[in-house]
Amino acid sequence: MLSTMQDEPLSLATLLKYASTFQGESTVSTWTGSGVRTMTYREMGAEAARLANALRGFGIGVGDRVGTFMWNNNEHMVAYIAVPAMGAVLHALNIRLFPEQLVYVANHAEDQVVIVDGSLVPMFAQYLPNLKTVRHVIVANGDASTLQAPEGVQVHSYTELLAAQPDTFDFPVIDERSAAAMCYTSGTTGDPKGVVYSHRSNWLHAMQVCSPMGMGFTGSDNVLAIVPLFHANAWGLPYAALMSGANVLMPDRFLQPGPLLEMMADQLPTFAAAVPTIWGGVLAGLAAKPQDISHLRTAVVGGSAVPPSMMRAFQEQHGVRILHAWGMTETSPLGSVAHPPAGVTGEEEWEYRYTQGRFPASVQARLVGDDGAVVPNDGESLGELEVRGPWITASYYSPDGGVIDPDKFDDGWLRTGDVGKISPNGYLTLVDRSKDVIKSGGEWISSVDLENAVIGHPSVAEAAVIGVPDEKWDERPLVAVVLAEGAEAKAEELRDFLADKFAKWQLPERWTFIAEVPKTSVGKFDKKRLRAQYADGDLTVTTLS
Ligand code: AMP
């Protein structure tokens, strides 16, 4: 028996229509360095129509890829909704990729048009001659005439192009399983892999972001989207904002702690999202120059493990709740979110908040041991996390059809490469990436636990732990420490600081003090580069007896 329900496809065209009418007074604003330039969702709807008309004029139709090479700003938000709403596929390019990777992903995705921020034109100009499928470049927020077009490529000014277009467009409602957007993974090994989101997956995911189990967006929120729009579907923020009528604040290129704090003081966002390295910088900025940031009801932090000391510092010193979440480009990205269960208080509540979070109903999760068998969710047994659900990819993009790599997929489940444990009530605690796991004398040492503990020392600004070869134990941890500005600490003192938190055999004897932990294109610790620095003898290591 079939239901009597209407078979209405979930569509980003419907979302655009809704946001630009019933939520038409809500706004997206971009920080200019001293204030904001603001556009209502109603104006955004008209601009989206103009962009869609311009793209259609270039011959862009359903399924064609349109790239962006942009900061987070109003124009990027317009593209984020206009491109999928017209049935084309938005491909937000990661502006921080290595040149050969950037060229690889744009060619692999077969981007036909790229919208580029004026300030990024000099960088983009280096790549353009190698982009094989790009026929049109649209320069927003800058001078299009500065970009030399190779033969066969036309360069347009965003403002002039859009000014000549009608501000209505008949956005089609297409099959909800159609491609809406794509993102490439930002891993440090091998070529980036393409993930293609559908209208349906983005819609359902946005509902999860809006739900109290997710980030709980409402029309009263002002969401500071620090996470780049090219990182993992922007954590779902743009579509969730459009769905809830939340205002969005875009930082553009002003991503240092100083300017972030200035825009917070001026715009009083209620919600913000970024990786831990950004929040570490903000915390240091606040220590140097105190400021009230209690207007933030929540800051969602993910992408890497959030050190408990950072969560407590934000809560206790600044009245800001850090919400820890786990996800991946492959999972749209929202997987688990660390809301504690009802009724827990005090230290028990903190223990829940430190975890990577609880899985929602739409994300099924299991752990698989080295022997391929599923291990129990008993809060102790470790295994590789595997997930499945309506916003989790079932393959990687290939022009010839999806690629189901057995290293990454297991009988319909996505293998995440993350190792951890799950409690009976569905909370995930990660101990490592499988490739970062340290095995010492056959026993695991969690690099994440060590990092979290070392960063809790007041003299430490950043700490990254890698496994290094050891004759006796096969592998031992090496701690790379970045000291806080003006602070001093010796390896002995730091090891003593860990003594009551770890078993004796887990305590690291190898320490190195460095100026900066190498970072990936999305601001995570790049342990591959750190390992290479160690292997090349570039690190000065102190070995304690
Ligand atoms: P990306 O696709 O760049 O978002 O990277 C996804 C990976 O980031 C995951 O597979 C994890 O290894 C890591 N990650 C994301 N969130 C967390 C978190 N809260 N704690 C620890 N690792 C995380």
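Tyr184 counts as buried at 8% relative accessibility, where buried means under 20% relative accessible area, exposed over 50% and partly exposed in between, with a 1.4 Å probe and protein chains only. The model is predicted, so local features need pLDDT of at least 70 and side-chain atom pairs count only at pLDDT 80 or more, while totals for chains, interfaces and linings use all residues. Residues are numbered from 1 along each chain as its sequence is written, and side-chain values use heavy atoms, with hydrogens and water left out.

- Tyr184 sits in strand 8, residues 179–184; helices (H or I, at least four residues) and strands (E, at least two) are DSSP runs numbered from the N terminus.
- Neighbours within four places in sequence aside, Tyr184 has contacts (heavy atoms within 4.5 Å) with His91, Val105, His108, Ala109, Pro192, Lys193, Gly194, Thr329 and Tyr397.
- The side chains of Tyr184 and His108 are joined by a polar contact of 2.7 Å. A polar contact is a pair of N or O atoms within 3.5 Å; within protein, one must be able to donate a hydrogen and the other to accept it, and residues adjacent in sequence count only if both atoms are side-chain atoms.
- The backbone nitrogen of Ala109 is reached by the Tyr184 side chain at 3.4 Å.
- Tyr184 and His231 are 47 residues apart along the chain, and their C-alpha atoms are separated by 8.5 Å.
- Thr329, one of the residues in contact with Tyr184, is placed in the loop between strand 14 and strand 15 (334–337).
- With a relative accessible area of 8%, Thr329 is buried.
- Beyond four places in sequence, Thr329 touches Cys183, Tyr184, Thr185, Val195, Tyr197 and Ala232.

**The ligand shell**

- There are 16 residues around the ligand, and Ala325, Thr329, Asp418, Arg433 and Lys524 come nearest; a residue is near a molecule or strand if one of its heavy atoms lies within 4 Å of it.
- Lys524 places a polar side-chain atom 2.7 Å from an oxygen atom of the ligand.
- Ala325 has a backbone N or O atom 2.8 Å from a nitrogen atom of the ligand.
- His231 has an N or O atom in its side chain 3.2 Å from an oxygen atom of the ligand.
- On its own the ligand has 490 Å² of accessible area, of which the protein covers 90%. Accessible areas come from the Shrake-Rupley method with a 1.4 Å probe, and for residues only the protein chains shown count as cover.
- Strand 14 (321–327) and strand 22 (427–433) each contribute at least two shell residues, and the largest share, four residues, comes from strand 14.
- By class, the shell holds five nonpolar, eight polar and three charged residues. Ala, Val, Leu, Ile, Met, Phe, Trp, Tyr, Cys and Pro count as nonpolar, Asp, Glu, Lys and Arg as charged, and the others, Gly among them, as polar.

**Nonpolar cores**

- The largest nonpolar core has 151 residues, and those with the most contacts inside it are Leu51, Leu55, Phe69, Phe171, Trp279 and Phe314. Such a core is a set of buried Ala, Val, Leu, Ile, Met, Phe, Trp, Tyr and Cys residues joined through side-chain atoms within 4.5 Å.
- A second, separate core of 19 residues includes Val454, Ile455, Val481 and Ala489.
- In soluble globular proteins, nonpolar side chains tend to be buried together.

**Asp221**

- Asp221 lies in the loop between helix 7 (199–210) and strand 10 (222–225).
- Its relative accessible area is 3%, so Asp221 is buried.
- The side chains of Asp221 and Arg297 make a polar contact of 2.8 Å.
- Apart from neighbours within four places in sequence, Asp221 is in contact with Gly216, Ala246, Asn247, Thr270, Phe271 and Arg297.

**Backbone features**

- The peptide bond from Ser332 to Pro333 is cis, with omega near 10 degrees, and Pro333 lies in the loop between strand 14 and strand 15.
- Glu110 is not a glycine, yet has a positive phi of about 60 degrees.
- Glu110 belongs to the loop between helix 4 (99–109) and strand 5 (113–117), and is partly exposed at a relative accessible area of 31%.
- Asn233, also a residue other than glycine, has a positive phi near 60 degrees.
- Asn233 is in the loop between strand 10 and helix 8 (237–244) and is buried, with a relative accessible area of 2%.
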